[in-house]
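Student: Can you walk me through this one? I'd like to start with the strands.
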Amino acid sequence: MTQRPNPTAFSGKGNTIRAEGTSHGASSEASARGAAIYSQSWLLTIYDWWVLGIVSTYAWACSVPQYTLPWFRQNLREGQHLDIGVGTGYYLAKSDLTGVQVTLADLNQDALDATKKRLVGEGKVKAEETRTLLHDITRPLPDSCPKFNSMSLYYLLHCMPGPVPAKTAVFSHLKHNLTADGVISGASILGKDVRHNLFGRVIMGFGNWNGMFDNRGDNAADFDEALREHFYEVETQVRGAIFLWRASKPKV
């Protein structure tokens with residue numbers, strides 16, 4: 001798939017933050033292939049039930065309502081929040097967004113549109129106050145982006161191409177867009193040093209075969225080490241096959 005060109009200007013509050021230029025290279029092409037899956041409307045329709053319900057609970061042994069959603073809520077801050085790899089907006093929709101200025105970032109315009117529509121429709125945000133960013137997160141954020149009080153990357157890193165060092169290279173630039181007292185958090189499916197049940201092995205195999213995942217070598221130790229290269233404070237835990245992490249005090 002050829003990645004969509006990124007637009008080129010920031011049009012202001014409530015509109016799209018435009019990323020400059022077009023991403024190129026093997027990593028970007030692989031990211032685009034993974035993101036293209038979310039252009040299928042049927043997948044967005046069943047995502048919450050299937051991925052966050054059935055698969056998370058029974059394949060990854062990590063209940064979203066019990067573990068992942070509370071983790072998201074604990075690390076959501078008032079002020080500017082950047083949600084990267086938006087999925088369907090489930091975590092934001094299930095959280096209190098009072099005092100939160102939301103920016104949605106994704107490589108897929110359909111996911112951005114669906115998430116913003118959901119959040120506005122459920123009364124979680126106002127359309128004119130919610131920004132969207134069509135962007136390849138392996139590249140630095142546009143200069144027009146503000147500093148964020150919190151960032152979230154949930155069920156994203158296992159979809160990114162390459163080994164852990166290639167995935168976590170995003171922190172080398174994201175940390176510069178985090179406030180000094182801000183927090184960045186996420187959850188990712190591990191492929192190594194965890195025990196996958198039969199259901200999990202089937203999903204892992206299919207996901208890595210069709211390009212939705214690239215995580216066979218992903219492990220908690222490498223992620224933890226990479227986070228500590230970029231942040232002074234790091235907390236991690238493994239629930240089932242899911243790596244939960246948060247980091248603060250960026251090393252800049």
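Tutor: First, a definition: two strands pair if DSSP finds at least two bridges between them. Helices (H or I, at least four residues) and strands (E, at least two) are DSSP runs, numbered from the N terminus. This is a predicted model, where local features need pLDDT of at least 70, side-chain atom pairs count only at pLDDT 80 or more, and totals for chains, interfaces and linings use all residues. Residues are numbered from 1 along each chain as its sequence is written, and side-chain values use heavy atoms, with hydrogens and water left out.

Student: OK, in which sense do β2 and β5 pair?
Tutor: Parallel, over 3 bridges. Strand β2 covers residues 79-84.

Student: And which residue in β5 is the bridge partner of D83?
Tutor: That is S152.

Student: How many bridges link β5 and β6?
Tutor: There are 6, again in the parallel sense. Along β6, V183 stands opposite S150.

Student: Why is β5 called largely enclosed?
Tutor: Because 6 of its 7 residues, in the run 148-154, are buried. Buried means under 20% relative accessible area, exposed over 50%, partly exposed in between (1.4 Å probe, protein chains only).

Student: New topic: loops. Where is A61?
Tutor: A61 sits in the loop between α2 (41-59) and α3 (64-74). Its phi is near 55°, a positive value in a residue other than glycine.

Student: Why does A61 count as partly exposed?
Tutor: Because its relative accessibility is 46%.

Student: What about D193, buried or exposed?
Tutor: D193 is exposed, at 65% relative accessible area. It lies in the loop between β6 (178-189) and α8 (198-210). Phi of D193 is positive, near 65°, and the residue is not glycine.
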